[in-house]
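Hi,

Here is the structure I said I would pass along.

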Amino acid sequence: MPTVEIDPDELRELTGHPEKDDGTLRDELFALGLEYEGETDDGEFELEFAPDRLDRLSVEGVARSLRYQYGEDRGIYIPNTNDAEWTIEVDADVPDERPYVTGAVVRGLDMDEAALESLIQLQEKLHATMGRQRAKGAIGVHDLTMLKGQVAATGGENTPEEEEDPRTETASPGGKSVRYTGIGKREDTFVPLEENHEMNPQEVLMGHHTAHKFADLVESYERMPAIYDDIGLFSFPPVINGKRTEVTTDSRDLFIEMTGTDQWTIDHMLTIVCYALDARGGRVEEVDVQYADDAAGDYAGHTLTRPLFETKTKTVAHSDVESTLGIDLDGEEVVDLLERAGLGVVADDSAADDIHYDVEIPPYRVDVLHPVDVIDDVGRAFGFNLLEPRYPDVSTVGGRHERSRLERAARTSLVGLGFEDLLNFHLISEEANYDRLDVERGSDVFGGGEPAVIQEPYSEDYEIVRTWALPSLMLVLENNTHRSYPQDLAEVGFAARQNDDEATKMAERQTVAAALARHDASYEDAKARLQALCRAFDVELVTPPAEHPAFVSGRTADIIIDCERVGVIGEVHPKVLVEYDLEVPVAAFEFDLDALRE
């Protein structure tokens, strides 16, 4: 799990409780769901945070939650914003792969060393979580005093030479603007952070000691994302900012811009940053994002005003609160707990049989998707450690399901045969599930078939539900090339494929997958393990020759257990090994777990 580093002295200062010792703070943080993992050399707490509460990636967000927990802050808080003076103009040259941008101005900050370090950490953690390592969203923070936005246009037209210059802007009357555009890799230069000489985007991608880590995000683009002010290029998102606008402890006013592949994501990343800076005493100022009529993306011709401090409302029934938490509460107690969770609430007792609460969710709470999330907040404000455990009011005692017993027995047998037991994600990319193993989507081979497709995947790594488990094992082997061999891996896991004969139109199954990676791995090694596994479950195994694109021809067989074809076994094809950068042979098998059922 990811961790965040929090200075306890700063936490005491931001919460207004200098008297609290470290032990008390650790206990209170644990009650919030932040587990203490140790201390840094500087005495900062290392806290493991739940990835759903991204507003707690900074000391400001953690302090806010503690103040609510203490009851000193109540209800929903929305920062006041000043009207927009700045505009981000988005033109048609912006790369289609990264069409969206958002922004805000924050003035009047006291940017001491602690505040600057907190901002940098928040930026890095948001990049790693919501931003998907900057692929989905990237943050640029700039010293506003070092920007020169073009003042309102006077109505004159630009010359042809000005139109071709990427620095040329067309500001809205009465304000200042910067321009989000696209340029060639060698079209213009700027001085990037941590450098003292000008470089063009290509030189940055190839030679900058920090920026090259993110080169793969844009190297396939025909044009590079770029943000200009009236002086010139000052930001090369999502790779690196310019040195001219670097934020230091002397900075007081900040310009924040974020670019990405999804407007919702960057808007909510911006909200979290603005709340953190508001807690430092900053005054948030709106920015207009003006998309050209021919701009890429879904907002062509639209002007968006950001940051987006909109709330949403969830309706929760009082009876659901009590039944879910297993405690009796009156209406006033529920309202008190909701307000101490930082939520707005209006109780509606018009219904004769039950009270309902209309709960207002603050903009920084991107994790609240369902009324049960609100109930979770009620329980945490009440204190989960205060809940008394009790037996459910049913007449039976729980036990392990037959399927679970079979899975456990299969895992135990595989471990006994020398395999390391794995647990991988059920979601995977279409490329990893099919293309990398040379399997055609929709084909009749084992692992083929049509998958369950995630309609709006949060990452391209998790586009579908896997149709077989061997791709997951191959990904583990790919990531373990720095480890010693042999590596004998196995997984009993979930897989699914479309099937119109099923009521749900999906055929779900548990599958047994195993792979042997070693210098002498062969078909015979894999079959010997498979035979031993089948003997342990007293089932009959037959392995007639077969063909499968992921395996070597002549070294592949079908797995037939008790007269039913249930899987495949063989030596992984050399072209697949090359795809995964493996330098040792791999023999593998996979079959349906139900075949082991007596």
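Let's start with a pair of strands: strand 24 (residues 551-561) and strand 25 run antiparallel and are joined by 7 bridges. Bear in mind that this is a predicted model. Within that pairing, Thr-556 sits opposite Gly-570 in strand 25. The hairpin of these two strands has 2 residues between them, and Asp-562 there adopts a positive phi near 50°.

Strand 25 has another partner to look at: strand 26 (residues 586-592), with 5 bridges and again an antiparallel pairing. Here Val-568 faces Glu-590 in strand 26. So how enclosed is strand 25 (residues 564-572) by the rest of the structure? Largely, because 7 of its 9 residues are buried.

Elsewhere there's an open sheet of 3 strands, antiparallel, in the order 18-20-19. Strand 18 (427-428) and strand 19 (452-453) are its edges, each pairing on one side only. Strand 18 is linked to strand 20 (residues 464-465) by 2 bridges, and Leu-427 stands opposite Val-465 in strand 20.

Now for the helices. Helix 2 (residues 22-32) packs against helix 3 (residues 59-70) at about 90°, their axes being 11 Å apart; the two are therefore roughly perpendicular. On the helix 2 side the contact involves Leu-25, Glu-28, Leu-29, Ala-31 and Leu-32, and these meet Val-62, Ser-65, Leu-66, Gln-69 and Tyr-70 in helix 3. Sorted by class, that contact comprises 7 nonpolar, 2 polar and 1 charged residues.

Cheers

Notes:
Residues are numbered from 1 along each chain as its sequence is written. This is a predicted model: local features need pLDDT of at least 70, side-chain atom pairs count only at pLDDT 80 or more; totals for chains, interfaces and linings use all residues. Side-chain values use heavy atoms; hydrogens and water are left out. Two strands pair if DSSP finds at least two bridges between them. Helices (H or I, at least four residues) and strands (E, at least two) are DSSP runs, numbered from the N terminus. Axes are lines fitted to C-alpha atoms, for helices over the stretch in contact, and angles run from 0 to 180 degrees between N-to-C directions. Angles under 35 degrees count as roughly parallel, over 145 as roughly antiparallel, 65 to 115 as roughly perpendicular and the rest as oblique. Contact means heavy atoms within 4.5 Å. Ala, Val, Leu, Ile, Met, Phe, Trp, Tyr, Cys and Pro count as nonpolar, Asp, Glu, Lys and Arg as charged, and the others, Gly among them, as polar. Buried means under 20% relative accessible area, exposed over 50%, partly exposed in between (1.4 Å probe, protein chains only).
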